[in-house]
Amino acid sequence: MEEQAFSMPRIGDKAPEFKAITTQGDMNFPSDFSGSWVILFSHPADFTPVCTSEFMTFATMEEQFNKANCKLVGLSIDGLYSHIAWLRTIKEKIEYKGMKDVDVKFPLIEDISMNVAKKYGMVMPGESSTQAVRAVFVIDPEGVVRTILYYPLSLGRNFDELYRIVIALQAADEFEIATPADWRPGDDVIISPAGSCGTAKDRMDGKEEDLDCKDWFFCTKKLDKDTVLKRILKN
Ligand code: BEZ
């Protein structure tokens, strides 16, 4: 049993399949999300302050993620009625940083059995053996895990960064580029390193005019913000 707590998918793996009960009905994962990006994320417990601030933020940004063809799915090791009561409390009573009357419309998985949490390595016994840490799995439309993040219990996530990750992964796929540190749409992007001595020389000789080469292995090019967002965002 203990060993299972440490099993986790890796980047590039197919997302492990599971069936679950959620606040929006039954779920078959990841097949219910085929064709969409998904962020599957865990939180330690319902009715806790950091998690409440996270849910309010994520719910407020849900439409923004949906426009990028990305669905949100939450999970904690709590039961369905706890989830329902917590989401009702958030909507009816909690006001935080200008957010109020927040309706959490994305599904929240009940995982009292820890079936999903164990499959995804969301339980880290050094932190807690009964609560999931703040894990994030970004899964692409083919059901492949593309990014994994883990935060401890005390640290709320940065949801702008999660959005940046989704956009950057899609930009990398759409334009066959890589994105440098702190990239945001409109910033220069990185092209594949030269694969031959000839290409390296050509690049350093300035033969590929749209490139800006810092050295033969590190060339960037412009990629307009509108071009990126038009390709990625739905109207
Ligand atoms: C919170 O979400 O506030 C929280 C949850 C578990 C441990 C510590 C904080």
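Trainee: Where does S53 lie?

Mentor: S53 lies in helix α1, and since this is a predicted model, that placement, like every value we discuss here, is a computed one.

Trainee: Is S53 buried or exposed?

Mentor: S53 has a relative accessible area of 19% and counts as buried, because the cut-off for that class is under 20%.

Trainee: What does the side chain of S53 reach?

Mentor: The side chain of S53 reaches the backbone oxygen of V50, at a distance of 2.6 Å. V50 is also one of the residues that surround the ligand, and a polar backbone atom of V50 lies 2.7 Å from a ligand oxygen atom.

Trainee: Which residues surround the ligand, then?

Mentor: The shell consists of P44, T48, P49, V50, C51, Q131, R134 and L153.

Trainee: Switching to the backbone: which residues does the cis peptide bond join?

Mentor: The cis bond joins F29 and P30, with omega at about 0°. P30 is found in the loop between β2, which spans 25–29, and β3, which spans 37–42. As background, most peptide bonds are trans, and most residues other than glycine have a negative phi.

Trainee: Okay, what is phi for F47, and where is that residue found?

Mentor: Phi of F47 is near 55°, which is positive even though the residue is not a glycine. F47 is found in the loop between β3 and α1, the helix of residues 49–60, and F47 is partly exposed, with a relative accessible area of 46%.

Trainee: What about E176, how does its phi look?

Mentor: E176, also not a glycine, has a positive phi of about 50°. E176 is found in the loop between α5, covering 159–175, and β8, and E176 is exposed at a relative accessible area of 66%.

Trainee: You mention β8, so what is the strand order in its sheet?

Mentor: The order is β8-β10-β9 in an open sheet of 3 strands, and the pairing is antiparallel. β8 (189–190) and β9 (211–215) stand at the edges with a single partner strand each, so one side of each has no neighbour in the sheet.

Trainee: How many bridges are there between β9 and β10?

Mentor: β9 and β10, the latter made of residues 218–221, pair in the antiparallel sense over 4 bridges.

Trainee: Last one, which domains does the assignment give, and how far apart do their centres lie?

Mentor: The domain assignment of the protein chain gives domain 1 as 18–157 and domain 2 as 176–232. The C-alpha centres of domain 1 and domain 2 lie 36 Å apart.

Conventions. Residues numbered from 1 in each chain as written. Predicted model: local features only at pLDDT ≥ 70, side-chain atom pairs only at ≥ 80, totals over all residues. Heavy atoms only, no water. Pairing = 2+ DSSP bridges. Helix = DSSP H or I, 4+ residues; strand = E, 2+ residues; numbered from the N terminus. Domains from an automatic or database assignment. Buried < 20%, exposed > 50% of the residue type's maximum accessible area, 1.4 Å probe, protein only. Near = heavy atom within 4 Å. Polar contact = N/O pair within 3.5 Å; in protein donor to acceptor, adjacent residues only side chain to side chain.
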